[in-house]
Amino acid sequence: MTSNPLNPSNGDDTPKDPLTEMLQNLMGGKGMENFDPAELAKAAGLPNDPNLLAQMFSQVQAMMSAPSEGPVNWQLAHENARRVAASSADPSVTSLQTREVDEALRLAELWLDPVTDLPATGLIGRAWSRAEWVEATLGTWKRLTEPVANSIANALSSAMTEQMPEEMKSMMGGASSMLQNMGGAIFGMQLGQAIGALSAEVVSSTDIGVPLADLEMALLPANVAKFGEGLSLPENDIRLFLAVREAAHARLFVQVPWLRGHLLGAIEAYARGIHIDTSRIEELARDLDPSNPEGIQEALSQGVFMPQRTPAQEQALEKLETALALVEGWVDELTASATEKLLPSAGALRETVRRRRATGGPAEHAFSSLVGLELRPRRLREAATLWATLKDERGIAGRDAIWQHPDLLPTAEDLDDPQGFSSRRQLAEASDSEVDDALQKLLSGGFDNAPQDESDAGDGDQPTGDGEQPKG
């Protein structure tokens, strides 16, 4: 019997729909009637948890048939982040933990008052579970990752379409929207996995140096306890030290209202400049073994779609890293000043936090590989030294006055040479002052009334160009 390529046989003389065959291959040999979400879950790096997969069954099936609002399935990312956050122990915050966090953050505000010119925020301290952190921060994660997420999702769906035989393309019809959503679904699940994993590592709302939750000041008691494991330090000291860091972050972002937009804007600008290596995606789609759906997850987690940075990207990255370092360096310096005489363990905790922020945890590494974006302040120590130098030279008020405008912020050059910052700034301020004086003089008509010099003083008594004496 001759096989029809548009209507292939399944071996028992029963014609097989090519779309069904394609879906079976994509789903590891399972058709839509016997759809097994475990295969798609493997592609997103989820644990092989039957209960978890059972919960996902109806949602994934609906996702595959319903149109998406965009290239990335953010609802799936949200649900996956919540499930991953709850997959490990995530007990609800107790009333005792709420009281301990509230007291620690109130005391932290009092400790900060003498070491900064920025006033207290008046925010109410919160105690969050990991799931509550996901809910409070997911909107910002979407804003930060959407540019590169859309690029990857579109590239994945395009690559899958390109690798499809021509006869199948003509038969897709209304099912094409399902294929278009597959790349966004896979990426959404992977992104949710990364965010959910981060919820088990962060100790506060600003732990990664970015204000993920606007106008909030919060600690995660379960993660604070996890942070203190193996440090052999009093639990109360650890909570207080981390509370001072959180309160310092909150004070900076609340009292410097332009800073949050400046920092998030720098991250967005960097993310928009990331170009996806479509050739690598096409190679993955061409060589993907249907029996090994983990290939997509592995490729995403290793960041293989991120090409080398362009010179423009390097500049954007330097600007972003400098901004992150300045925020973290200021918080680091203030926390040290506020706690050094009050907490015997302050020095050890400061060094622990510095190393932790410089290296990042496993989830942070997974996130950076997925979206090509690192949020670690590589130059934290240099920035802390700069802020300490400015305090010595200008005092607390003079140091904090630098946050008045983004044009006043130190640059990467200033991190290289903290001691020379003031002299460089004086030269720039002197130049700007001269321009301002000249402009003010021009606007007030000062140049028209300026006194003439001696060479011009007798011009009125000189003969005119034709030899006549002036009248009068």
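## Trp403 and its surroundings

Trp403 is buried in this predicted model. Its relative accessibility is 3%, under the 20% cut-off, so Trp403 counts as buried. Leaving aside residues up to four places away in sequence, Trp403 touches Leu252, Val256, Trp258, Leu259, Leu326, Val327, Trp330, Trp387 and Leu409.

## Aromatic pairs

The count of aromatic pairs comes to three. In one of them, the ring centres of Trp330 and Trp403 are 6.2 Å apart. Their planes stand at 85°, so this pair is edge-to-face. Trp330 sits in helix H14 (residues 311–339), and Trp403 in the loop between helix H17 (380–400) and helix H18 (412–416). The pair therefore ties together parts that are 73 residues apart in sequence. Both residues, Trp330 and Trp403, are buried.

Trp387 and Trp403 form a stacked pair, at 5.2 Å centre to centre and 25° between the planes. Trp387 lies in H17 and Trp403 in the loop between H17 and H18, so this pair ties together parts 16 residues apart in sequence. Trp387 is buried, at a relative accessible area of 0%. Ring pairs link Trp330, Trp387 and Trp403 into a cluster.

## Helices H5 and H10

Helix H5 (residues 95–112) and helix H10 (residues 235–255) cross at roughly 65°, and their axes come within 8 Å. The crossing is right-handed. The H5 side of the contact includes Val101, Ala104, Leu105 and Trp111. The H10 side includes Leu240, Ala243, Val244 and Arg251. By class, the contact of H5 with H10 has twelve nonpolar, five charged and no polar residues.

Methods: Residues numbered from 1 in each chain as written. Predicted model: local features only at pLDDT ≥ 70, side-chain atom pairs only at ≥ 80, totals over all residues. Heavy atoms only, no water. Axes fitted to C-alpha atoms, helices over the stretch in contact; angles between N-to-C directions. Helix = DSSP H or I, 4+ residues; strand = E, 2+ residues; numbered from the N terminus. Left-handed = near helix turned anticlockwise from the far one by under 90°. Contact = heavy atoms within 4.5 Å. Nonpolar A, V, L, I, M, F, W, Y, C, P; charged D, E, K, R; others polar. Phe/Tyr/Trp six-rings, centres within 6.5 Å; stacked < 30°, edge-to-face > 60°. Buried < 20%, exposed > 50% of the residue type's maximum accessible area, 1.4 Å probe, protein only.
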